[in-house]
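Hi everyone, thanks for coming.

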Amino acid sequence: MDFLSGILLAAVVLFTLGFFIKEAVGDRLVAMFTDRPERRSKGVNDHLVGAIGTVVEHAGDENAPLKVRVGIERWNAKTATDADVPLQVGTEVEVTAASALELTVIPRAKAPPS
């Protein structure tokens with residue numbers, strides 16, 4: 001019985017050690033040896049990045065807050081610093097970043113007619 005207890009204790013210690021090593025460096029090792037990118041922690045609204053929305057309210061001033069509808073939700077938004085085109089109501093926009101309460105958007109490039 002004493003021999004089995006020693007094996008069980010060694011197994012628990014090795015499992016715990018392996019778990020902590022995997023948590024500490026696992027994603028970096030996977031990224032080094034495969035072509036999968038390293039995972040990064042995601043923010044609450046990161047799933048909205050890349051989404052397409054429509055400007056539903058804008059006061060016209062460059063610094064005035066925007067209201068953008070993405071899906072069925074209405075969000076406060078601001079334009080990206082490199083977007084120098086004023087956004088009018090009805091303009092389609094693409095979300096480039098998302099914080100907890102505000103989206104950063106750029107005007108969506110129109111596809112050429114086919």
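First, some housekeeping. This is a predicted model, where local features need pLDDT of at least 70 and side-chain atom pairs count only at pLDDT 80 or more, while totals for chains, interfaces and linings use all residues. Residues are numbered from 1 along each chain as its sequence is written, and side-chain values use heavy atoms, with hydrogens and water left out.

Okay, the barrel. Five strands close into it in the order β1-β2-β3-β5-β4, and the pairing is mixed. Neighbouring strands of this sheet are turned by 55° against each other on average, ignoring direction; the axes here are lines fitted to C-alpha atoms, with angles from 0 to 180 degrees between N-to-C directions. A strand is a DSSP run of E with at least two residues, a helix one of H or I with at least four, numbered from the N terminus. Two strands pair if DSSP finds at least two bridges between them.

Take β3, residues 73-79, and β5, residues 102-107: they pair in the parallel sense over four bridges. Within β5, glutamate 102 is the bridge partner of asparagine 76.

Now, is threonine 104 buried or exposed? This residue of β5 counts as buried, because its relative accessibility is 15% (buried is under 20%, exposed over 50%, partly exposed in between, with a 1.4 Å probe and protein chains only). Among the residues threonine 104 touches are Lys78, Glu94 and Val95, where contact means heavy atoms within 4.5 Å.

Valine 44, in the loop between α1 and β1, is exposed at 74%. Its C-alpha atom is 8.5 Å from that of alanine 98, 54 residues apart along the chain.

Definitions and conventions
Lists of a residue's contacts leave out its neighbours within four places in sequence.
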